[in-house]
Amino acid sequence: MTSTSFEHGAQLADQVASATGADPGDRLLHTRGVWAAGEFTPSANAASMSAAEVFAEAGTPATVRFSSTLGGPGGHDGDPSDHGMAVRIGGLDLVMFTLPVFFARTGADMVEFLRAANSPDPSSAVPAFVARHPEAAAALGLAQQARPAAGFTGLAYHSVHAFGLVDAASTTRWARLGWRPHRPFEPLAPEEARSRPSDYLGTGLPGELPAHFDLVAHLPAARDDVHDPTRLWSSEQTVTLGILTLDRAEAPDVEPGFDPLRLPEGVAAPLDRLASDRSAAYAAARRRRG
Ligand code: HEM
């Protein structure tokens, strides 16, 4: 990390902390979470898409943290919200969430959104943010339609960024990555979700295991705006890169410091600004937590 990105990350983390009022010892966002472990096995054609080691070998150990975004430690899992899934498989970190696109293109815009959402009057501050940032409308519209989930393992998770899949001949194909659950999505009625304990998604995880997710590469059409994380794509073409099997609700001895730019050879970093801003902010947020 350069000293500029170090300082930039520290500034972003400070701004996120002051917008959300997070406790210094907690994650600044996605505070409530639960760990799982298992392994990843690539599909037969994954190695032809990317030369990364994780796509060449069966049974790479996987460490996963599922999380809920809203409400900090005292939030309720049944409140309509997005959820996160951070995965470490070998040299690859995939830090995804349940919306297919994001509502900001940069860390600065993300902070501006958090300030609006946590202001005394979010019902006028958030629409005012969207008026200044029309690119936020797609993600925020989808977020409003979110329904409470019955469990973490029936949700699809999305990378939002396009990553470069680099094959053995050094050809790069840009793709958004995503986890597709084998378990069908089971929405809960809001009153049913609210009647459950506030951490029901986390405490329910052991009962959902084993659980399986396909890792898919979502390929853009020629007219899609590949490197803008706020834009939906017209293409629905996907290639399955492998399967993740989670069989234990087990915390790692040492928490991985998830970093969306911790990528092996064979996976190129996104070209959008959001990814580098996130990476710097996560490192700084971990330093703050100690
Ligand atoms: C510039 C935009 C973003 C900023 C500034 C940001 C900031 C943060 C921060 C500060 C944390 C807490 C880190 C910690 O305390 O350890 C966090 C966690 C997280 N973020 Fe973001 N984030 C951004 C965009 C995104 C996007 C686009 C996604 C999904 C595609 C995402 C998914 C997550 C997840 C899943 C976690 C929890 C990671 C874990 O379980 O350890 N974030 N984010």
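**View 1. Buried residues of helix α8.** In α8, the buried residues are Leu274, Ala275, Asp277, Arg278, Ser279, Ala280, Ala281, Tyr282, Ala284 and Ala285; buried here means that 20 or more other C-beta atoms, placed from the backbone, lie within 10 Å of a residue's own. This is a predicted model, so local features need pLDDT of at least 70 and side-chain atom pairs count only at pLDDT 80 or more, while totals for chains, interfaces and linings use all residues. Residues are numbered from 1 along each chain as its sequence is written. Among the elements covering that buried set are α1 (3-20), α3 (107-117) and β5 (157-166).

**View 2. Helix α8 end to end.** α8 runs over residues 273-289, and its 17 residues reach 25 Å from first C-alpha to last, close to the expected 24 Å (1.5 Å times one less than the number of residues). Next up is Gly290, with a positive phi near 80 degrees.

**View 3. Around the ligand.** Have a look at the 29 residues surrounding the ligand (C-beta atom, placed from the backbone, within 6 Å of it). The closest are Arg27, His30, Arg65, Gly84 and Ala285. Helix α8 gives the largest share of this shell, eight residues.

**View 4. The largest nonpolar core.** This core holds 70 residues, and Val16 and Ala281 are among those with the most contacts inside it (it is a set of buried Ala, Val, Leu, Ile, Met, Phe, Trp, Tyr and Cys residues joined through C-beta atoms within 7 Å). Its largest share, seven residues, again comes from α8. Leaving out residues up to four places away in sequence, Val16 touches Leu28, Leu29, Val111, Leu114 and Ala281.

Note on methods:
Helices (H or I, at least four residues) and strands (E, at least two) are DSSP runs, numbered from the N terminus. A residue is buried if 20 or more other C-beta atoms lie within 10 Å of its own, exposed if 12 or fewer, and partly exposed in between; C-beta atoms are placed from the backbone. Two residues are in contact if their C-beta atoms, placed from the backbone, lie within 7 Å.
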